[in-house]
Amino acid sequence: MPRHAVQPGGGARTQPAVSRILAFANVRLIDPATKLDSMGELVVADGLIADFGQNILPQQPPSHMTVVDGGGQVLAPALVDMRVQLREPGEEHKENMESGGAAAVAGGIGTMVQLPNTSPIIDDVSLVQFIERRSRTIGLADIRVYGAATKSLSGNELTEMGLMSEAGAVGFTDGERTIANALVMRRALSYAKTFGQLIVQHAEEPSLGTEAGMNEGEIATRLGVPGIPAAAEVIMIERDLRLVELTGGRYHAAHVSTAAAIEAIRQAKRRGLDVSCDTAPPYFALNETAVGDYRTFAKLSPPLRSEWDRRAVVEGLADGTIDAIASDHAPHDQDSKRLPFAQAAAGIIGLETLLPLTLELVHNKHLGLGQALAKLTCNPALRLGLAKGRLGRGASADLVLIDPDRPHRIDVAGFKSKSKNSPFDGRPTEGMALATLVGGRVVHAASGAPTALRELAASR
Amino acid sequence: MTARPEFRFPHRHLLGIEGLGPDEITGLIDLSESYVEQNRRPDKKGSVLRGRTQINLFFETSTRTSTSFELAGKRLGADVLNMAVASSAIKKGETLIDTAMTLNAMHPDVLVVRHPDSGAVKLLSEKVNCSVINAGDGTHEHPTQALLDALTIRRNKGRIGGLLVVICGDVAHSRVARSNIHLLNAMGARVRVVAPPTLLPAEIERLGVEAFTDMKKGLEGADIIMMLRLQTERMRGSFVPSIREYFHFFGLDYAKLALAKPDALIMHPGPMNRGVEIDSEVADDIDRSLIRQQVEMGVAVRMACLDMLSSRVAEPGRNQP
């Protein structure tokens, strides 16, 4: 057998140390940006996508090319996760950029955008630069950052959005806090627009919500837990949409969870406003009953909603109202969760469950595979102005090899994330990332990945 | 003393009324009856819990409930320790679970726990080897209060099933209301709640009650009127415009009482805000008010609960760390 011949059903014999060109053969290429979905090949050279398509590999691959047989699995752009908390700087015992980076690539994520709610808060240029630098040093997923919209996330004074944009901030948000003051929001939308930047809102009318609570309704009443009405979300979104109309700003509603909010955004899009939104897997994969008997791993912000709202989220994803699915990764250590429900921190980890839970929508026939991947790749990238999330000749080779049908049981004990706060532990899923490439480097290869990729990952 | 009923409680803890069946509730009430009798004797001391250790762990200040539990334990012969945690460990940064683990290492047989957060007592119960009695958790449940209310009702009306019980006042912040709703429904009573809409929790009807915002309509035909304390300390923001207005529309006075059945009886879990939710004269009316009797029944019910849960302590390995 020739030295680099493709081995059916397996990897190729490789010499990673001398390989400079990596080629995938026998893969189902999916590029949601161009709606490409066909069997073919893809060549990575010098960290970039050199070419992709059908019959592009030479009959006799040159000695410096490693050809990987993809076994017919999906090769797509690596995922772009537009909402992640990494706890660095400040709370590295919960997560840091390195553990978060490892978790991301294990989940097929090549690029993620970190929220500014660290300690110190990312509200000036030096901290934006710090994140950029750390991301390059770590060399796993590409970590980008939102700057704080207001200084210290206080909701009062705007940050230096222009300077932070120059330093690499990809948008502005007050993270888990709502920009509640209408005048501040108006100015944030107007000012950020100057730099073409997005304002990302955690939409919850704060006077109707409470950090201690869960979705208002029968279960909250039964448990004696303060209720947060679904209306708290739509009230803030409706207000913001009026301000978008007033300012012409670019607006993105993060993790929408209610039918009413989704309908408001649907209407706003019809009116031609520059708005978008994302949701996160818990909002389509769970409902408020997951709180059960004060289960703090099901405490989120916004809270898990009613079954009716959950279905509306699925519908919003299917009809395109909801543009993106983000992991909403919120790592918390045991000490932050092993508390009475009212005192426990809100949020769950999500980097390593983003893809399998999103694929549930495909297996349940709510979304097509390309449609689901669009929400994880090109849609968030496009909205954030990132040259990511699509297959392009000359583009950075950020790729994910996916087995969309592989049965798997979620096991948080094996997760790369430092925190284990997930309500999905033990959930059976179908589909997972076999391997992830960032800038042409194989940064993750699961046990089921082709041998060549596992060797390349191990030799990093 | 009457013979101790041969009822065995199938649960390790008493965390709430929700989920208990009528037989279990009746069993506890029957056992309580026997302790009413013991408590009225000059020699009140028994020995059912001799050698057992009961710790009253109160993360929230309470005089009535903690005294009632203390007395109950002592009358059964237990060694009773009172810990007011609100003012000690928590302020030093200790978590609920740390406290639970520390106490667990001391091998108590029963923990009586009150906590300001709903669900906290359940969380604690998962971390200890002994039995846990919920003495009130946040706005969730206060099971011994509902049991003592049931005992009081049964002694005065001869039954619980079929009665119309109206629970009036700050339902939203009341763990007493929730426990009573579960118990009364389980026992076949008809339950109404009456409150201003700001003090009615969402979808309360789904707990099996009729909800009224007009007290006059709500009281019509009532056999029992349970008044609830206006819990100003639990309120964020303004739920009612003024005490004066609240009393006018939701305070129980003779005029409103006249709308209930002529033999309707009045209850209140205490402590009462006289002139806020209840007129002083009505509260002290010995023909209509069961409020003092409720306190007496409280001790008996708590003795029954302690007895019942502690009687399982002897199981092998139960109290091993």
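Select Glu307(A) to begin. Keep in mind on the way that this is a predicted model. Is Glu307(A) buried, exposed or partly exposed? Its relative accessibility is 27%, so Glu307(A) counts as partly exposed.

**Next stop: a loop in chain A**

Select Asp398(A) and Lys388(A). Here is another salt bridge, 2.7 Å from N to O. This pair links distant parts of the chain, the residues being 10 apart. Both lie in the loop between helix H13 (378–384) and strand E17 (399–409) of chain A. Are these two buried or exposed? Asp398(A) has a relative accessible area of 7%, and because buried means under 20%, Asp398(A) is buried. Lys388(A), at 12%, is buried too.

**Over to chain B**

Now pick Lys122(B) and Glu126(B). They form a salt bridge whose closest N and O atoms are 2.3 Å apart. Glu126(B) is partly exposed, with a relative accessibility of 47%.

For a group of residues, select Glu218(A), Arg222(A), Glu18(B), Glu203(B) and Arg206(B). Salt bridges link them in a network.

**Last stop: two packed helices**

Stay in chain B and show helix H5 (residues 143–157) together with helix H6 (residues 175–186). Two packed helices are described by the angle between their axes and the distance between those axes. For H5 and H6 of chain B, the angle is about 55 degrees and the axes are 8 Å apart. That angle makes H5(B) oblique to H6(B). The crossing of H5(B) and H6(B) is right-handed.

Which residues make the contact? Color these to see them:

- From H5(B): Pro143(B), Gln145(B), Ala146(B), Leu147(B), Asp149(B), Ala150(B) and Ile153(B).
- From H6(B): Val176(B), Ser179(B), Asn180(B), Leu183(B) and Leu184(B).

Sorted by type, the residues of this contact between H5(B) and H6(B) are eight nonpolar, three polar and one charged.

Methods: Residues numbered from 1 in each chain as written. Chains lettered and ligands numbered in written order. Predicted model: local features only at pLDDT ≥ 70, side-chain atom pairs only at ≥ 80, totals over all residues. Heavy atoms only, no water. Buried < 20%, exposed > 50% of the residue type's maximum accessible area, 1.4 Å probe, protein only. Salt bridge = Lys/Arg side-chain N within 4 Å of Asp/Glu carboxyl O. Helix = DSSP H or I, 4+ residues; strand = E, 2+ residues; numbered from the N terminus. Axes fitted to C-alpha atoms, helices over the stretch in contact; angles between N-to-C directions. Parallel < 35°, antiparallel > 145°, perpendicular 65-115°, else oblique. Left-handed = near helix turned anticlockwise from the far one by under 90°. Contact = heavy atoms within 4.5 Å. Nonpolar A, V, L, I, M, F, W, Y, C, P; charged D, E, K, R; others polar.
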